[in-house]
Amino acid sequence: MVSSKDQPTGRTRRKDAETVAPEPERAPHPGGRPRDPAIEEAILEATRERLAVDGYTRMTIGDVVADAGVTRPTLYRRWPNKYELVVDALHYGLSRQREAYVPLKVDAMPPLEAFTEAVRRLDPRHHNKRAMALHGNFMGEAEHEPALFELMREHGNKPRCAELLETLRQLQDIGAVRADADLDTVVTLCFGSYFGDYLQTGASTPADHADRVVALLWPTIRTSEDKNKGKSEGKNEDEDA
């Protein structure tokens with residue numbers, strides 16, 4: 001079980017390699033050598049890899065610095081303890097995933113296409129093949145380290161789901177989605193579908209996963225007007241044929 005020493009508590013910490021920061025200052029002295037962003041990125045990447053493989057409990061600063069090819073003082077200049085390092089590693093992973101997508105312009109897309117794309121962006125494995133293992137490790141430690149599980153939820157999962165929820169609200173505003181649709185439940189079902197697929201198959205996300213999920217849910221949340229429009233368009237296509 002992880003000791004609270006890995007979280008800032010203000011109490012005297014045991015002097016071991018995991019909690020004592022040899023150089024507690026998080027910023028270089030004035031006139032000092034500027035930090036190399038590549039070093040911080042290497043540390044964060046190594047942290048995420050270790051979290052997925054070892055989990056928070058077994059992950060050590062020693063393993064992280066060895067994997068990243070840096071020294072302990074280099075890491076401690078940036079992060080005073082393991083907990084704060086993990087917080088930034090989660091933020092880093094989420095920001096990398098967000099940066100990989102262009103902004104979703106709902107008003108410039110057909111409603112069904114916008115819904116499908118927002119569901120596709122929920123996939124935790126899109127930029128991290130070990131994402132499911134990472135989630136599993138945090139869930140496995142939830143009973144003993146609830147703060148870490150909350151960290152994953154607040155900084156990893158909730159922001160990921162927020163885009164889908166906002167997309168559905170915009171579709172409501174333009175009359176494409178029913179005003180009484182339970183959007184929170186729709187988001188839960190869509191996000192949970194990726195975990196369900198992984199738990200059943202253990203494989204990579206199928207290319208058509210988002211399309212199949214949306215095909216099942218869209219008829220239950222779209223408005224009658226949208227349904228009639230679809231029938232009308234289908235009739236016109238038959239007449240043109």
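How far apart are the end C-alpha atoms of helix 1? This is a predicted model, in which local features need pLDDT of at least 70, side-chain atom pairs count only at pLDDT 80 or more, and totals for chains, interfaces and linings use all residues. Residues are numbered from 1 along each chain as its sequence is written, and side-chain values use heavy atoms, with hydrogens and water left out.

View 1. Helices are DSSP runs (H or I, at least four residues), numbered from the N terminus. The end C-alpha atoms of the 22-residue helix 1 are only 27 Å apart, short of the 32 Å that a straight helix would reach at 1.5 Å a residue; the expected span is 1.5 Å times one less than the number of residues. Helix 1 has a kink of about 85 degrees centred on Ala 52 (the angle between axes fitted to the seven residues ending there and the seven starting there).

**View 2. The crossing of helix 1 and helix 4.** The axes of helix 1 (residues 37–58) and helix 4 (residues 82–99) come within 9 Å and cross at roughly 110 degrees. That makes helix 1 roughly perpendicular to helix 4 (65 to 115 degrees). Axes are lines fitted to C-alpha atoms over the stretch in contact, with angles from 0 to 180 degrees between N-to-C directions.

**View 3. Asp 67 in helix 2.** Asp 67 lies in helix 2 and is partly exposed, with a relative accessible area of 43% (partly exposed lies between buried, under 20%, and exposed, over 50%, with a 1.4 Å probe and protein chains only). Beyond its neighbours within four places in sequence, Asp 67 contacts Ala 46 and Arg 50 (heavy atoms within 4.5 Å).

Conventions: Helices (H or I, at least four residues) and strands (E, at least two) are DSSP runs, numbered from the N terminus. Angles under 35 degrees count as roughly parallel, over 145 as roughly antiparallel, 65 to 115 as roughly perpendicular and the rest as oblique.
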